[in-house]
Every structure is written in structure tokens, then in C-alpha cells.
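Dear colleague,

I am handing over the structure shown below, together with some notes on what was found in it. Please read the notes with the coordinates open beside them.

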Amino acid sequence: MIRFILGVIAGSVAVWIWRDEMRDYAERRTRFLRSRAADQLRTAQQMTESALDTAKERISSGLEKGQEVIRPSEEKVHVVR
């Protein structure tokens, strides 16, 4: 247990001493991956927007056709008295 605690302390001290160097290293090494992830998010956004636009058009078209089907015709309606 004491070795574990000493390891935690040693690791904490190392991170505290070299934190800036470690952050810079991680940023340099992950720049390409972060750029690719951002590009993939942009692509997903464009695809989703396209799918939503298509769905909106189909829904609107279906509702308009439904209105045409159930709307009474403009012919004269004979009223029975």
C-alpha cells in the first residue's frame, strides 16, 4: 500500500513539474486527429441537414395531398329543404 501511495505522489509531482511540456506534446500529437474529427462533424452536420430538408419536403407534400383528397369539391352543393 505504501508503494502505491509513493507511486501516486511521484506521478503527481512529475505531472506538476512537466505539465506544460506534456500539454504541448499532447496538443502537437493530436492536432491532426482533432482536425479530422472536426471535418467529420461538419460532414455529419451537412448530411443531417440534407436528410431533414428531404424529410420536410416529403411531409409537406404528403400533407398537401391529404388536404386535396379530403377537401370538398367546388361544385355547387344542392341544399335539400
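This is a predicted model: local features need pLDDT of at least 70, side-chain atom pairs count only at pLDDT 80 or more; totals for chains, interfaces and linings use all residues.

Residues are numbered from 1 along each chain as its sequence is written, and side-chain values use heavy atoms, with hydrogens and water left out.

The structure holds 3 salt bridges, the term meaning a side-chain nitrogen of Lys or Arg within 4 Å of a carboxyl oxygen of Asp or Glu.

Arginine 23 pairs with aspartate 20 in one of them, with the closest N and O atoms 3.2 Å apart. These two residues lie 3 apart in helix α2 (residues 19-70), about one helical turn from each other, where a helix is a DSSP run of H or I with at least four residues, numbered from the N terminus. Arginine 23 is partly exposed at a relative accessible area of 49%, as is aspartate 20 at 42%; buried means under 20%, exposed over 50%, and partly exposed in between, with a 1.4 Å probe and protein chains only.

Arginine 31 forms a salt bridge with glutamate 27, the closest N and O atoms being 3.4 Å apart. Here the spacing in helix α2 is 4 residues, again about one helical turn, and glutamate 27 is partly exposed at 38% relative accessibility.

Aspartate 39 bridges to arginine 42 at 3.2 Å between the closest N and O atoms, and both are partly exposed, aspartate 39 at 35% and arginine 42 at 47%.
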